[in-house]
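Reader: Hey, can you walk me through this one?
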Amino acid sequence: MPLRIGLFGGTFDPPHVGHLVTAVNVRHALELDLVILMVANVPWQKIDDRRITDAEHRHAMVAAAVADVPGLAAGRHEIDHGGPSYTADTLATLAQDNPGATLFTIVGDDAAAGFETWERYEEVAERSTLVVVDRPGEPVTLPDQFRWERVEVPRLDVSSTDLRRRFRDGRPADFLITDPVLAVIESFQLYRNAQ
Ligand code: ATP
Ligand code: MG
C-alpha cells in the first residue's frame, strides 16, 4: 500500500507541545501513516536573526520528542543533505524513497502566510497537498491555484521564541515542552545563553 506521509518542517529550536499536538492531530484527521518532523539544517529565512542551536542538538530534541509517539518520526534528510533547507528538495527525496506515496506539507498559519517566498514554492505545491493549521493570529487563505486544506487543531499559543526567552529569564518551560526534550536540553546544556 502506498503511504500517506506528512512533512512537517521546522527549526524546532526547541520542539514544543504546539508541534506535537499539531502533528498527531493532522495525522489523525488525514489518516496519515507517518508525520515526519523534519529538522531544518540551515533555516535560511531565519539565519540573520539570531544564533540557531546546532542542527544535531535540534535533531536530538525532536527525536526525544517523538520517541514514544506512534506515527511520528524525526527527519534528518535536510541535515544529511547539508546546506540550506528547501522543502521542494525534501519532497523530491521523500517521493524517491517512497514510490507512489501521497505527500502532505504541514504548516502553521504564520508559515503558510509566507508560502510564496519559499524557494520553488510551485514545486512544493505540485508535489504535495498543503495542510494549514491554526496558530493564534489571523487565519490565512492561500490562492486557489494551490491544492491546500485547513485542518483544525487545538490552538496553542506556544512558540520556540517564547521558550527561549523563558530559558533566558529562568521561567518554567514545564508542560510547554515534554520531559524527554527537557532531558536533552539538560544533558547538552542548551539555552544557557539563549537569545
Ligand atoms: P520560532 O518561534 O523560533 O519561529 P516556532 O514555535 O514558530 O519557533 P518553528 O520551528 O518555527 O516553531 O515552526 C515549525 C512549524 O510549526 C511551522 O509551520 C509553524 O507554523 C508550526 N508551529 C509552531 N508552533 C506552532 C503551534 N503552537 N501551533 C501550530 N503550529 C505551530
Ligand atoms: Mg516559527
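This is a predicted model: local features need pLDDT of at least 70, side-chain atom pairs count only at pLDDT 80 or more; totals for chains, interfaces and linings use all residues.

Reader: Ok, how many residues of strand 4 are buried?
Author: Six of the seven in strand 4, residues 102–108. Buried means under 20% relative accessible area, with a 1.4 Å probe and protein chains only; strands are DSSP runs of E, at least two residues, and helices are runs of H or I, at least four, numbered from the N terminus.

Reader: And which strands pair with strand 4?
Author: Strand 1 (residues 4–10) does, in the parallel sense over five bridges, and strand 5 (residues 129–133) is also parallel to strand 4 over five bridges. Pairing takes at least two DSSP bridges between two strands. One bridge joins Arg-4 to Thr-102, and another joins Gly-108 to Val-133.

Reader: Switching to helix 4: which residues are buried there?
Author: Thr-87, Ala-88, Thr-90, Leu-91 and Leu-94. They line one face of helix 4, because they fall within an arc of 160° seen down its axis, taking directions from the helix axis to the C-beta atoms.

Reader: Last one: is His-16 buried or exposed?
Author: His-16 counts as buried because its relative accessibility is 4%. His-16 sits in the loop between strand 1 and helix 1.

Reader: What does His-16 contact, beyond its neighbours within four places in sequence?
Author: Val-158, Ser-159, Ser-160, Leu-163, Leu-176 and Ile-177, where contact means heavy atoms within 4.5 Å.

Terms used
Residues are numbered from 1 along each chain as its sequence is written. Chains are lettered from A and ligands numbered from 1 in the order in which they are written. Side-chain values use heavy atoms; hydrogens and water are left out. Buried means under 20% relative accessible area, exposed over 50%, partly exposed in between (1.4 Å probe, protein chains only).
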